[in-house]
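This briefing gathers side-chain features under a few topics, for reading beside the sequence and the structure.

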Amino acid sequence: MKKIQSRFGEIEYDPSNLLLFPEGLIGFEDLRDFIVMPNEKAGPLFWIQSVDDPQIAFILTDPTDFYFDYKVVPDGREQQKLGIDKDDECLVVSVMTVPPSRKITINLAAPIFFAPKTNRALQVILEGTQFSPQTPLPTVEEKPSEE
Amino acid sequence: MLVLTRKAGEGIIIGDDIKITVIELKGGGVRIGIDAPREMKVHRQEVFDKIKRENKEATQWDIADLNELGMILKSGRDKK
């Protein structure tokens, strides 16, 4: 086991079980290795911490939990980068943002493909999509009337 | 920056395998055709920049947000 100091404190991890982004994430192309951190509370959330930059961590979730019609699949070139064949399992996760306004959004325009078989992940930009990088979470509670 | 003047139908070759062609000029816009290897990523600048900004913004959270988010998502799921 190895240890790093993240901005959340010390994190212990198994170097043989890292998530590899062969191309980094968009804007963070140099950060390849991430530790996958399960959320301590039950729920469909988890987060990833960069091994190389203690400041960089992302909250991820499965977007199909609340956007049922959201379906993206890697093309041949992307499968190659993930090191998988077309029949291998490939999951889709999305990056969540908690802005200062606290209006939480989910980035559906640049999903992350995750291949469990190779422990590799790839963030892709969907071209010509109607999905926004700042898709608000669907409202689940009745809003109080504003009249 | 290298600046070249091209007319519709003319092109530019970059390296061994990238070819950019000016297709037409119309209504203040330029239609551009790009031939590049499949593994080469091609994106509109503003789309790419937006994703980059969003990723950067997404790194600004703290552990308390995780719990709050978890609750929100869970309540959404339970209601279904």
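Predicted model: local features only at pLDDT ≥ 70, side-chain atom pairs only at ≥ 80, totals over all residues.

**Side-chain packing and pairing**

With a relative accessibility of 16%, A:Arg77 counts as buried, and its side chain meets that of A:Asp75 in a salt bridge at 3.9 Å, N to O. A:Asp75, by contrast, is partly exposed, with a relative accessible area of 29%.

**Salt bridges**

- The structure holds ten salt bridges over all chains, and side chains of opposite charge can pair in this way when their charged atoms come close.
- A:Lys117 and A:Asp88 meet through their side chains in a salt bridge of 3.0 Å, N to O; the pair links distant parts of the chain, since A:Lys117 is in the loop between E8 and strand E9 (120-123) of chain A and A:Asp88 is in the loop between helix H1 (76-82) and E7 of chain A, 29 residues apart.
- A:Lys117 counts as exposed, at 55% relative accessibility, because the cut-off for exposed is over 50%.
- Another salt bridge, 2.9 Å from N to O, joins the side chains of A:Arg102 and B:Asp65, and this pair crosses between chains, from the loop between E7 and E8 of chain A to helix H2 of chain B.
- Within that pair, A:Arg102 is partly exposed at 38% relative accessibility, whereas B:Asp65 is buried, with a relative accessible area of 6%.
- A network of salt bridges links A:Glu23, A:Lys81 and B:Lys41.

**Nonpolar cores**

- The largest nonpolar core has 33 residues, of which A:Ile35, A:Ile59, A:Met96, A:Leu137 and B:Leu69 touch the most other members.
- At least two residues of this core come from each of several elements, including strand E2 (9-13), strand E4 (33-38) and strand E7 (91-97) of chain A and helix H2 (63-79) of chain B, while E8(A) gives the most, with four residues.
- Leaving aside its neighbours within four places in sequence, A:Met96 is in contact with residues of both chains, among them A:Leu45, A:Ile59, A:Ile106, A:Leu137, B:Ala58, B:Leu69 and B:Leu73.
- A second, separate core of 15 residues includes A:Phe21, A:Phe34, A:Ile48 and A:Val93.

**Aromatic pairs**

- A:Phe21 is buried at a relative accessible area of 0%, and A:Phe34 counts as buried at 0% relative accessibility.
- A:Trp47 and B:Trp61 form an edge-to-face pair at 5.3 Å centre to centre, with 75 degrees between the planes, and this pair crosses between chains, from strand E5 of chain A to the loop between H1 and H2 of chain B.
- A:Trp47 counts as buried at 6% relative accessibility, and B:Trp61 counts as buried at 3%.
- Ring pairs link A:Phe21, A:Phe28, A:Phe34 and A:Phe58 into a cluster.

**Nonpolar surface patch**

- B:Leu25, B:Val30, B:Ile32, B:Ile34, B:Met40 and B:Val42 make a nonpolar surface patch of about 530 Å², and strand E3 (residues 29-35) of chain B provides the largest share of this patch, three residues.
- B:Val42 is placed in the loop between E3 and helix H1 (45-58) of chain B, where B:Val42 counts as partly exposed at 39% relative accessibility.

How values were computed
Residues numbered from 1 in each chain as written. Chains lettered and ligands numbered in written order. Heavy atoms only, no water. Core = buried A, V, L, I, M, F, W, Y, C linked by side-chain atoms within 4.5 Å. Buried < 20%, exposed > 50% of the residue type's maximum accessible area, 1.4 Å probe, protein only. Contact = heavy atoms within 4.5 Å. Patch = residues over 30% accessible without salt bridge, like charges linked within 9 Å, V, L, I, M, F, W, Y side chains within 5 Å. Areas by Shrake-Rupley, 256 points an atom, 1.4 Å probe, with all protein chains shown as cover. Salt bridge = Lys/Arg side-chain N within 4 Å of Asp/Glu carboxyl O. Phe/Tyr/Trp six-rings, centres within 6.5 Å; stacked < 30°, edge-to-face > 60°.
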